[in-house]
Structure formats: structure tokens, C-alpha cells
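Good morning, everyone, and thank you for making the time. I would like to walk slowly through one model today, so please have the sequence and the structure open as I speak.

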Amino acid sequence: MSRLTESSAWHDLVCHRQRMANVTMRGLFADDPGRFPRHTAEACGLFLDYSKNRVTDETLGLLMALARSCNLELWREGLISGRRLNQTENRAVLHTALRNRSDRPVMLDGVNLMPEIHSVARRMSRFVDDIHFGVITGATGRPFKDVVNIGIGGSDLGPLMVSEALRPYQTPNLRVRYVSNVDASHLYETLDWLDPENTLFIITSKTFTTQETMTNAKTARDWFLREGGSEADIARHFVAVSTNEAAARAFGIGPETIFNFWDWVGGRFSLWSAVGLPIALTVGMDRFDELLAGAFAMDEHFRSAPLEANLPVLLGMLGIWSINFWDASAYAVVPYDQYLHRLPAYLQQLDMESNGKSVDREGLPVDYATAPVLFGEPGTNCQHSFFQLLHQGRHLIPVDFLMAAESHVPFKAHHQILLANGLAQAEALMRGRTLDEAAAELAAAGTPPELAAQLLPHKVFEGNRPSNTLLYRKLDPFTLGALIALYEHKVFVQGIIWNINSFDQWGVELGKTLARTLLQDLTTGVSTGQDSSTAGQVRWLRERMAAADSDG
Ligand code: F6P
């Protein structure tokens, strides 16, 4: 048994869970008209309704007791004040400093980080304005029309998700595209649309060594040279965002267009740094600043609000309740907001790369579940795909619903239909449909008794399935910043409860190492002793690749 599962706070929740076994949310709502106001909280433009969880006041009290017994408040202070929380990489975790809007210094090893952060932000801002106003042009003097960000993981998902989310704020005359996959079709299909004379490439890589990014970057450079650019022009058409200035320079990028950041910014937390350059190019630096201001507002809320009214703490602890006490091994995030269509993909890295761990901070195996499998799609699309399972499948999958009161586009009737659907799904998950209700509906529809008896079991919805709903006025940069920071801190809260390091990602290493060996095997045909399945696949692929080569 671990310290966590042996603790009295955990034990109290185990006992409470047993007492809650037959409690229904329907019943809780029926018995308590004050349930909604008591189980909602609001901050930074985000309104959280968590009343559709299988919780009572006692549950919340016990969850907060668990949070306190894990010293969450102390850890929270450690995050904001730059302690070396990422102990396996011996790094501080300070992405919050990037959006610090206060005049408080942020100290690391006796040095205030804020002047350097501001200096990079100023360089970014000048660069963005100069691109927008055509002061910086391509080598032939034409203003840039297309920007291609080449990066992967945190160097892609955050900026891409935000650029998509803020499309209504897009500056005219500049289009930002993203290439991440080493599958050449991603780059090929993108290059197809581009004119090298007015295209700017941003090579975004914290390490500037990531195989996929460097392969795409080199191919993009070859394309640029093949299409008429010269070596001397490279520095005018390629810029870098990286902590590895030497490698960026070796690639041919000039020091004035290398935008640096620091090892205390984790990849999946990096969109607030110069990694946000493609965002700023998409919407302008003022909007980017608003995004940061929203995140800062959430940081302030997280560090100062009491746990009971603290949005990230509530979301985090409700997740703990579902995952660890009701065995929810998956978790769906469903934005009823098409502009947020990449949010689930972004959150997959944030949540699963951070907390998909099996050993605790001391390296001991954990005896409790950690990060769930996160997935999602925009509503209403997913109502027509995986919602069947959410309603009637055997897995308990909590859902986060996200909805804006105001849409960015006209066609008001669409928005009302969209919201009605989101509200309906959350209600249906909670209420379900009993056998009696199903029977009454079939009878009311005049269904012949024999058919009704046959259909009846299929029409029953168990209900009592948990969800959170996050409402906001409109998806503007400030609100989006607050929303992202909310999820960042939620992940942090859960990592603290589970006593894991949420800031490393050793689990991605093995595949990278094996891929290097297998690349050699694929190109040389010399097998380096894999299992028979992998070796057999290499052989099979090599034969077809050779046949395709000789045909072509
Ligand atoms: O493979 C995982 C990872 O290290 C992520 O954590 C990171 O965001 C991504 O690769 C990209 O890394 P880089 O920015 O160094 O290219």
C-alpha cells in the first residue's frame, strides 16, 4: 500500500464511496433545490457547474480534506514560486512566469527572470508588427503571405489549437499553417499551396533535435532552395523558436531571428513563450497579450482562492473522485464550440503526457490509477459517434462540456440549437431513462405491446453519469487563456494528489530509441535482432518498398 492509499483521508473517501453506491443524482436534485447554486463556481469569465457529479457536500468536504492532506496549498505555492518541481530533470517549472502581469519578480537561483522574459516578448512583438506591416519581407522584397510553423508535440499542439480557436481574430493578409507529422504528405500538401517568395517558416523546437521537426525543416529548406531561393536567403525565410541557439544557427538561421526560451518551460506548457509566435502572427501581439492576461488571471485565482471555490482544484478533485473511487479510466472533453476543435488533441498531451505515470516521485510503483485516457471532439458531431457509449456503454466516462453564450458568427438559430444539444446531453447523462419511463414512452407512441416488450431494454438509460459544464460569454483571447490555464492547473492538482512528477515524459523515449535502430534496418536491410513480428514487418515493407522503387 502507498502512503496515499493508506492515508486516513483516502480511507474516508473509500468508505464514503460505499455509502454513495445507491445514491442517484436525480434524487440529489429532487431533494435539494439549492444544489445548483451550491455546486457552481465562477472565475476569470468561466462558470463551472459541477452539480451533475455524484457528489454531496460531504463528498466535497472529504475531497478537500484529501487535497489538504497532500499539502496541495504548499505545492501550489511551490509552482508559482519556481521550486524545482521537475526533479527527474532537475528543472524548475515556471511557465506561469511567462504570463506574470504583476510587478512581482520571479526568482530562479537568485536571478529575476522577468527582464529576460520581457525582452524576448518585446523582440517577438517587433517582429510580428514588422511582418504585419511589411517592414520585414522575403528576400525578393515581397511581403509574407504564408507562415508555416514546423514543430511537433508542445511545439505544435498549443499554438495550433489557439490559432484555430482565435480564428475570428485573425489578421488579414497572413495565413498561418502548421506542419508536424514526419509523414511527408503533411509537408507536401502544405508546400503545394505556397510560393517560396512570400513564405516564412518558423522552426519551433525546444531541443532543435526532434527527428520529425528537423526532417521537415530540412525538407522545407531543400524545397525553398529548389524553388529558386539561395543559401543567403535562408535567414530571411526561416526563423527559429528554441532553447538551442547553437543548433538553430547551424541550420542557417540568424541570431536576430532566433527567439529563445528556457529549460524551465516544459514543451506542453510552452505556448505562452516564444512558441506562441505563430499565434501572435495569426492574431497580433495585442491579442496574444490578452491570452496571457487570461492565463495570469487564472494563475491568480488558483494561487489565492480557497480550495472549495477554486476552479482548477474543483476540476482536479472531481476527476480524482471519478478516476480513483468510481474507476473511470477515460475522460471526454466535448467543446460545443467548433473553434475549439483542436482542444481535445491539445489536452491529450497536457493531461496524458503529464500524468500518464506508474511510479511516484520517489520512484515507487503506485497502487492507484493515474491519468485517464482523454478524448473528445466538438459537439454536436460526437453525439453521432461516441455518445452512444457514453450513455449506454459499460464504461463510466466523465465528460466536460464547454459552451459559449455568444457565437462569433451570425446565424443565431444555429447557436441556440448547438446549446440546446449540449445542455441536453449533460442532462441525459445525469437523468437517464428508467424502465418505467421507457415503457410509458413506448405506450404513448402507440407501440404494439409485443414490439414494446422487445424494445424496452434498449430504451433504458442508466443515467447517473457525471459531467462538468464550463460556460463562458464568448471565446475571446482572455477567456481562452483562462481556460487553458485552468486545465494546466487541474493537471497539476491531480499530479500532486497522485504524488507523481507531472513535468517529465520519460515514456516517450523508448520508442524514439527503437525508431533510430529500425530506420537503419529499413534502409540497410540488416536486422538488428528484433522480435520476429517486428523483423517480419520490416522484411515485408522492404520487399514492397523495393518493388515500388523498381516500378517508379
Ligand atoms: O516527444 C515528446 C516531446 O518531448 C514533447 O514533450 C515535446 O513537446 C515534443 O516532444 C517536441 O519537442 P521539441 O520542442 O524539443 O521539438
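Let me begin with Arg303, which is partly exposed because its relative accessible area is 23%. What you are looking at is a predicted model, so please keep that in mind throughout. Arg303 belongs to helix 14, which covers residues 285–304. If we leave aside the neighbours within four places in sequence, Arg303 is in contact with Arg76, Glu77, Ile80 and Arg104. In that part of the model you will also find Leu79, and although Arg303 and Leu79 are 224 residues apart along the chain, their C-alpha atoms are separated by 9.3 Å.

A second residue to look at in this way is Glu441, whose place is in helix 19, residues 435–444. Glu441 has a relative accessibility of 44% and therefore counts as partly exposed. Between the C-alpha atoms of Glu441 and Ala452 the separation is 9.6 Å, and these two residues are 11 residues apart along the chain.

Let me turn now to the packing of helices. Two packed helices are described by the angle between their axes and by the distance between those axes. How do helix 8 and helix 16 pack, in angle and in distance? Helix 8, residues 157–165, and helix 16, residues 343–355, have their axes 9 Å apart and pack at an angle of about 155°. That angle is why helix 8 is described as roughly antiparallel to helix 16, and the crossing of the two is left-handed. On the side of helix 8 the contact is made by Leu157, Gly158 and Met161, which meet Leu343, Ala345, Tyr346 and Gln349 in helix 16. Sorted by class, the residues of this contact of helix 8 with helix 16 comprise 5 nonpolar and 2 polar ones, with no charged residues.

From helix 22, the residues Leu518, Asp521, Leu522, Thr523 and Thr524 meet Thr534, Val538, Leu541, Arg542 and Met545 in helix 23. The contact of helix 22 with helix 23 divides into 5 nonpolar, 3 polar and 2 charged residues.

From helices I move to aromatic rings. A pair of aromatic rings is described by the distance of the centres and the angle of the planes. How many aromatic pairs does the structure hold? The structure holds 19 aromatic pairs, and I will show you two of them. In the pair of Trp10 and Tyr368 the ring centres are 6.0 Å apart and the planes stand at 50°, so this pair is tilted. The pair links distant parts of the chain, since Trp10 sits in helix 2, residues 8–19, while Tyr368 sits in the loop between helix 16 and strand 11, 358 residues apart. Both Trp10 and Tyr368 are buried.

In the pair of Phe375 and Phe386 the centres lie 4.9 Å apart with the planes at 75°, so this pair is edge-to-face. Phe375 lies in strand 11 and Phe386 in the loop between strand 11 and helix 17, so the pair ties together parts that are 11 residues apart in sequence. Phe386 counts as buried because its relative accessibility is 19%. Elsewhere, Phe201, Phe208, Trp223, Phe224, Phe238 and Phe251 form one aromatic cluster.

Finally, a few words on the backbone. In the loop between strand 11 and helix 17 we find Thr380, and a cis peptide bond joins Gly379 and Thr380, with omega at about 15°. Asn173, in the loop between helix 8 and strand 6, has a phi near 70°, which is a positive value in a residue other than glycine. With 68% relative accessibility, Asn173 counts as exposed. Phe411 likewise has a positive phi, near 60°, and is a residue other than glycine. Its place is in the loop between strand 12 and helix 18, and Phe411 is exposed, with a relative accessible area of 60%.

Technical notes: Residues numbered from 1 in each chain as written. Predicted model: local features only at pLDDT ≥ 70, side-chain atom pairs only at ≥ 80, totals over all residues. Heavy atoms only, no water. Contact = heavy atoms within 4.5 Å. Helix = DSSP H or I, 4+ residues; strand = E, 2+ residues; numbered from the N terminus. Nonpolar A, V, L, I, M, F, W, Y, C, P; charged D, E, K, R; others polar. Axes fitted to C-alpha atoms, helices over the stretch in contact; angles between N-to-C directions. Parallel < 35°, antiparallel > 145°, perpendicular 65-115°, else oblique. Left-handed = near helix turned anticlockwise from the far one by under 90°. Phe/Tyr/Trp six-rings, centres within 6.5 Å; stacked < 30°, edge-to-face > 60°. Buried < 20%, exposed > 50% of the residue type's maximum accessible area, 1.4 Å probe, protein only.
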